[in-house]
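Hi,

I am passing a structure over to you, and my notes on it are below. Please have a look at it before you read on.

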Amino acid sequence: MYIIAALYHFTRFDAPDAIKPALLDLCVAQGVKGTLLLAGEGINGTIAGPRAGIDAVLAHIRALPGCDGLEWKESTSPTPPFGKMKVRLKREIVTMGQPDVDPAARTGHYVEPADWNALITRDDVAVIDTRNDYEVAIGTFDGAIDPQTASFGEFPAWWEANKDRFHNKKIAMFCTGGIRCEKSTNYLLGQGVEDVFHLKGGILKYLEEVPEQDSTWSGNCFVFDGRVSVGHGLRVGPHMLCHACRRPVLPADQDRPEYEAGVSCHLCIDETSEADKARFRERQRQIELARARGEDHLSAPMVSGKGEA
């Protein structure tokens, strides 16, 4: 059984490039795979491996400057969710494109999963899903507002265009694991919104802790690893990944005429050129040849550029 650890922590790294080598070497030595992002604002990522390996990597991260308060969420998988280990240097550990946003300075009020239902069912509260459109499409909280953003960087513009809708409302926000809400709540506070709340631990913590019979969540939650989606109790969902666009699709979607493994699905068939599709076909051919040779070519959806946990 593989232990999956999803983590993030905002802290100041003066030289994230100096942190990378030892962190990568340790992960490889401990048989840990996945993706970790390093930036001047902190660390974010999802890793998987044996219990001892995960514990060693988490201990190493907690020893980094300002990371002693690191929190993470764990789940398990009978199959390896990742095929490689990557440590990448980024401008931001979750891309919003707002240089004045600083979650380390202040964020909205954290709401425990057990208290979330009571908050979001109040008449004076507007609930906003901060995730990308393809994530919202497979599951969200009942009554939540979908900004229909293709990337987190579009959220500030969406808020500016829609902020008048929320006059005299308290704002409750949520995302997969909590990291996007750290930035979005800080952003709203900077815009003068007084009452801002967010789900502590994100959807994943809610699905883990809140009994299904008491839940206000409908559908599945997209995750940035080989499981693709999870439901209540963090049970693996039915979704598969289109390896062309990195969006979740259902097994039945493979029977649609638009679907070609590694090349296109009904969601992305019109988004790429014939030259792109030819390139994807060659990539898929190489992957299948590698599989036939017994090589491990699992890839992590997290690094596709569509979003971060």
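This is a predicted model: local features need pLDDT of at least 70, side-chain atom pairs count only at pLDDT 80 or more; totals for chains, interfaces and linings use all residues.

Residues are numbered from 1 along each chain as its sequence is written, and side-chain values use heavy atoms, with hydrogens and water left out.

Aromatic rings

Rings of Phe, Tyr and Trp (its six-membered ring) are paired if their centres lie within 6.5 Å; planes under 30 degrees apart count as stacked, over 60 as edge-to-face and the rest as tilted. The count by this rule is 12 aromatic pairs. In one of them, the ring centres of Tyr8 and Phe10 are 6.1 Å apart and the planes stand at 70°, so this pair is edge-to-face. Both Tyr8 and Phe10 are buried (buried means under 20% relative accessible area, exposed over 50%, partly exposed in between, with a 1.4 Å probe and protein chains only).

Tyr134 and Phe222 also make an edge-to-face pair, with 5.3 Å from centre to centre and 80° between the planes. Tyr134 sits in helix α4 (residues 133-136) and Phe222 in strand β12 (residues 221-222), so the pair ties together parts that are 88 residues apart in sequence. Helices (H or I, at least four residues) and strands (E, at least two) are DSSP runs, numbered from the N terminus. Tyr134 is buried, at 6% relative accessible area, and Phe222 is buried at 1%. Elsewhere, ring pairs join Trp116, Phe141, Phe174, Tyr206 and Trp217 into a cluster.

Helix packing

The axes used here are lines fitted to C-alpha atoms, for helices over the stretch in contact, and angles run from 0 to 180 degrees between N-to-C directions. Angles under 35 degrees count as roughly parallel, over 145 as roughly antiparallel, 65 to 115 as roughly perpendicular and the rest as oblique.

Helix α3 (residues 113-120) packs with helix α7 (residues 202-209) at an angle of about 105°, their axes being 9 Å apart. That makes α3 roughly perpendicular to α7. Here Pro113, Trp116 and Asn117 of α3 meet Lys205, Tyr206 and Glu209 of α7; contact means heavy atoms within 4.5 Å. By class, this contact of α3 with α7 holds 3 nonpolar, 1 polar and 2 charged residues (Ala, Val, Leu, Ile, Met, Phe, Trp, Tyr, Cys and Pro count as nonpolar, Asp, Glu, Lys and Arg as charged, and the others, Gly among them, as polar).

For helix α5 (residues 155-162) and helix α6 (residues 179-190), the axes come within 11 Å and cross at roughly 40°. α5 and α6 are therefore oblique to each other. Phe155, Pro156 and Trp159 of α5 make the contact with Ser184, Tyr187 and Leu188 of α6. The residues of this contact of α5 with α6 divide into 5 nonpolar, 1 polar and no charged.

Two single residues

Arg180 also lies in helix α6, and at 1% relative accessibility Arg180 counts as buried. The C-alpha atoms of Arg180 and Val94 are separated by 6.8 Å, although these residues are 86 apart along the chain.

Val263 is in the loop between β15 (248-249) and α8 (274-292) and is buried, with a relative accessible area of 1%. Leaving aside neighbours within four places in sequence, Val263 is in contact with Ala244, Lys277, Phe280 and Arg281. Val263 and Pro238 are 25 residues apart in sequence and 20 Å apart in space, C-alpha to C-alpha.

Best wishes
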